[in-house]
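Opening the notebook on this one.

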Amino acid sequence: MRTLTTLFILVFAATLSFGQIDQVPKLLVGNGGVPTDTIPPAGFPYPTAFNFNYSTVPGVNAGTVGAMFLNGKYYLNRWNSTMMYRYNANGPGGGPGTFADSITYAGAIRDLTTDGTRLWGGNASTGILEFDPNTLATLKTYTLTGGQTRAIAWDYNRKGFWNSAFGGNIFFHDTTGVLKQTITNTLTGKYGLAFDTVPGQQAYLWAWNQASTTTASLHKISIATGTEVANYVFTLTATSVGTAGGAEICNVNGKMMLLVNYQNFAVAGYYM
């Protein structure tokens, strides 16, 4: 009887374990430790810190575009619903690890940005929403003069927002919504923007762009001149699988990382 009871417990535990496999994001690693599903192109100078593959996690894999780290957590928001998923930064390479919680927010946000304290997002319309980073309640809406906000980045130097529609130019607005600068741009699939600066050096914007149904491209743009100084093309794993989502440069546990979302598929972090 004791043997049968022990066997039942072992089988039941194994059933629970195997039943939960698809709930856990996977780190897919190939030769040399390079993630096999979001392989950077040749010449990409920024080492991969982590690759968080969430393609098998229900809910998270159904519209999340977030690439954000704030207050010790990663934020993965759905653009097509009001759900936000948060993960603790205890995964491989400092990436997302254990699931923290899910919470509702205003919804429809395509790209997120932060000044290290507050959280903002663009909903592909003419406004920017400010959120409480803890409760995700909407605190304020900024109305912009000109341009739509799909991609967004906070400028630490100028204290305002860079924003862009899917196509067209990139704009800078102050926190009152007044247009201050325009960068001429011809990219047609901009989804995420990230602000990149080092004290005493030139500042840049990174645009994470839906280049085609089989590629995503990352573009480094000089704020001073408006010229593109570098671009890198990432090949998707399959047609329209892992297309460009949100982007941000964040201080993750003392290290600066460029975070990019491969929609419905993965979030990757690259050391800057």
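How many nonpolar, polar and charged residues are in the lining of the largest pocket? I get 10 nonpolar, 4 polar and 3 charged. My classes: Ala, Val, Leu, Ile, Met, Phe, Trp, Tyr, Cys and Pro are nonpolar, Asp, Glu, Lys and Arg are charged, and the others, Gly among them, are polar.

Housekeeping. This is a predicted model, so local features need pLDDT of at least 70 and side-chain atom pairs pLDDT 80 or more, while totals for chains, interfaces and linings use all residues. Residues are numbered from 1 along each chain as its sequence is written, and side-chain values use heavy atoms, with hydrogens and water left out.

**Pocket.** The largest pocket has a volume of about 330 Å³. Of its 17 lining residues, Y156, I249, C250, N251 and M256 are the closest to the centre. β2 (68–70), β14 (190–196) and β18 each give two or more residues to the lining, and β18 has the largest share with 4 residues. My strands are DSSP runs of E, at least two residues, numbered from the N terminus. On a 1 Å grid over the protein atoms alone, a pocket is an open set with protein on both sides within 12 Å along at least five of seven lines; a cavity is a set of points where a 1.4 Å probe fits but cannot get out; lining residues have an atom within 4 Å of a point. Grid points are joined across faces, edges and corners, and the volume is the space filled by probe spheres set on them.

**Cavity.** I found 1 cavity of 30 Å³ or more. The largest cavity holds about 50 Å³ of space. Its lining includes D37, F234, Y262 and F265, and divides into 6 nonpolar, 4 polar and 1 charged.

**Sheet.** β18 turned up again here: 4 strands form an open, antiparallel sheet in the order β1-β20-β19-β18. Strands pair if DSSP finds at least two bridges between them. β1 (48–53) and β18 (244–252) are the edge strands, each pairing on one side only. I also looked at β1 with β20 (residues 266–271): they pair in the antiparallel sense over 5 bridges, and F52 stands opposite V267.

**W79.** Buried or exposed, or in between? W79 counts as partly exposed because its relative accessibility is 34% (buried is under 20%, exposed over 50%, 1.4 Å probe, protein chains only). W79 sits in the loop between β3 (73–77) and β4 (83–88). Its contacts (heavy atoms within 4.5 Å) include Y105, I109, Y191 and Q263, leaving out residues up to four places away in sequence. The C-alpha atoms of W79 and I109 are 5.1 Å apart, with the two residues 30 apart along the chain.
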